[in-house]
Amino acid sequence: MNPFTFDPEWTTTLTTPFMVNAFLAGLCIAAAAGVVGYFTIARHSTFAAHAIAHIGLPGATGAVLLGLPVAVGLGGFALAGALVIAALGKRASEREIATGTVLAFATGLGLFFARMSSSASQQLQSILFGSILTITDDQIVGFAIFDIVLLVVMAVIYRPLLFSSLDEQVAQAKGVPIGVMNALFMAVLAGVITIAVPAVGTLLIFALVVTPAATATVVTTTPLRAIVASTALCLVSIWGGLVLAAMFPAPPSFVIVTLSTLFWGIAKGVEALRRRG
């Protein structure tokens, strides 16, 4: 199918139940990714965010192998991997080594599970690249519940988490439990990645959790504004990607990632021009 062929019936496509579910899922994902994305940048945990998605791969393929829901396996492995990284890496430099080690093992295990089951192999593409158009009503409810829990948790730990993210040594000297903050943040990050994977998959998760937040930190000056801007950029990327995918027969995940990257590129370009001026 030619990806540049315009579909004159695209407005009708937008009103279909599967597309409505995709828009609702996008709203839930943006709300979660926007909040956590800023802290991912501030805590220098971008590699961890990318890795946790891949660490969830063996959980997803293993769940298919055992006849369990993919989200259960993906979330369980992502959470376990996140906590292991938090426990092994007290500092950012240590986390890089721990993350890479756990990532390598998990990727190999995921491929091993996929080879053991034909059904796991068939679902591997949707796990890697996402399938936002197949989101179900039950998943939407799960996403909404997760968002509510996430916002409550983040409201409670916002100040100590922000303090430890911006200056870990001073925060520790002031009595902030750095280890607890690391574990809580990594657990939250694993949850956000779990609900974002259905949209763009494990390979492209960076575009929703990290890229909008990176763009927001370029165009804003305060943490709260960056969180709001990150959420808005993530939402525009998802919804805009869905609209364009309805207008032209292109994979939604590809368009979503393209928009997110485009916004980042524009922000960096404007920033460079301002510095020259």
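**Helix packing in a predicted model**

Helices are DSSP runs of H or I with at least four residues, strands are runs of E with at least two, and both are numbered from the N terminus.

A quick word on the source. This is a predicted model, in which local features need pLDDT of at least 70 and side-chain atom pairs count only at pLDDT 80 or more, while totals for chains, interfaces and linings use all residues. Residues are numbered from 1 along each chain as its sequence is written, and side-chain values use heavy atoms, with hydrogens and water left out.

Back to our pair. Helix α12 covers residues 223–247 and helix α13 covers residues 252–276; their axes come within 8 Å and cross at roughly 135°. The axes are lines fitted to C-alpha atoms, for helices over the stretch in contact, and the angles run from 0 to 180 degrees between N-to-C directions. The crossing of α12 past α13 is right-handed. As for handedness, a crossing is left-handed if the near helix is turned anticlockwise from the far one by less than a right angle, and right-handed if clockwise.

Who makes the contact, meaning heavy atoms within 4.5 Å? On the α12 side we have Leu233, Val236, Ser237, Ile238, Gly240, Gly241, Leu242, Leu244 and Ala245, and on the α13 side Pro252, Val255, Ile256, Leu259, Ser260 and Phe263. By class, this contact of α12 with α13 has 11 nonpolar, four polar and no charged residues. Nonpolar covers Ala, Val, Leu, Ile, Met, Phe, Trp, Tyr, Cys and Pro; charged covers Asp, Glu, Lys and Arg; the others, Gly among them, are polar.

Next, please look at α13 again, now with helix α11, residues 211–219. Their axes are 9 Å apart and the angle is about 20°, so α11 and α13 are roughly parallel. The crossing of α11 past α13 is left-handed. From α11, Thr211, Pro212, Ala214, Thr215, Val218 and Val219 meet Ser260, Thr261, Phe263, Trp264, Ala267, Lys268 and Glu271 of α13. Those residues divide into seven nonpolar, four polar and two charged.

Which residues of α11 are buried? They are Thr211, Pro212, Ala213, Ala214, Thr215 and Ala216, where buried means under 20% relative accessible area, exposed over 50%, and partly exposed in between, with a 1.4 Å probe and protein chains only. The buried residues of α11 pack against α2, α10 (206–209), α12 and α13. Val218, also in α11, is partly exposed at 23% relative accessible area. Leaving out residues up to four places away in sequence, Val218 touches Ala267, Lys268 and Glu271.

The α2–α9 crossing is left-handed. Cys28, Ile29, Ala32, Ala33, Val36, Phe39 and Thr40 of α2 make the contact with Phe185, Val188, Leu189, Val192, Ile195, Ala196 and Ala199 of α9. The class count for this contact is 13 nonpolar, one polar and no charged.

That brings us to the largest nonpolar core, with 74 residues, where Ile52, Met186, Leu189 and Ile193 touch the most other members. Such a core is a set of buried Ala, Val, Leu, Ile, Met, Phe, Trp, Tyr and Cys residues joined through side-chain atoms within 4.5 Å. Setting aside residues up to four places away in sequence, Leu189 touches Val36, Thr40, Ala49, Ile52 and Val209.

Not counting residues up to four places away, Leu161 touches Phe39, Arg43, Met154, Met181 and Phe185. Phe146, also in α7, is partly exposed at 23% relative accessible area. Beyond its neighbours within four places, Phe146 is in contact with Ala32, Val188, Gly191, Val192 and Ile195.

Last stop: where does His44 lie? His44 is in the loop between α2 and α3 (46–66). His44 has a positive phi of about 55° although it is not a glycine, and it is exposed, with 57% relative accessible area. Most residues other than glycine have a negative phi.

Notes
Contact means heavy atoms within 4.5 Å. Angles under 35 degrees count as roughly parallel, over 145 as roughly antiparallel, 65 to 115 as roughly perpendicular and the rest as oblique.
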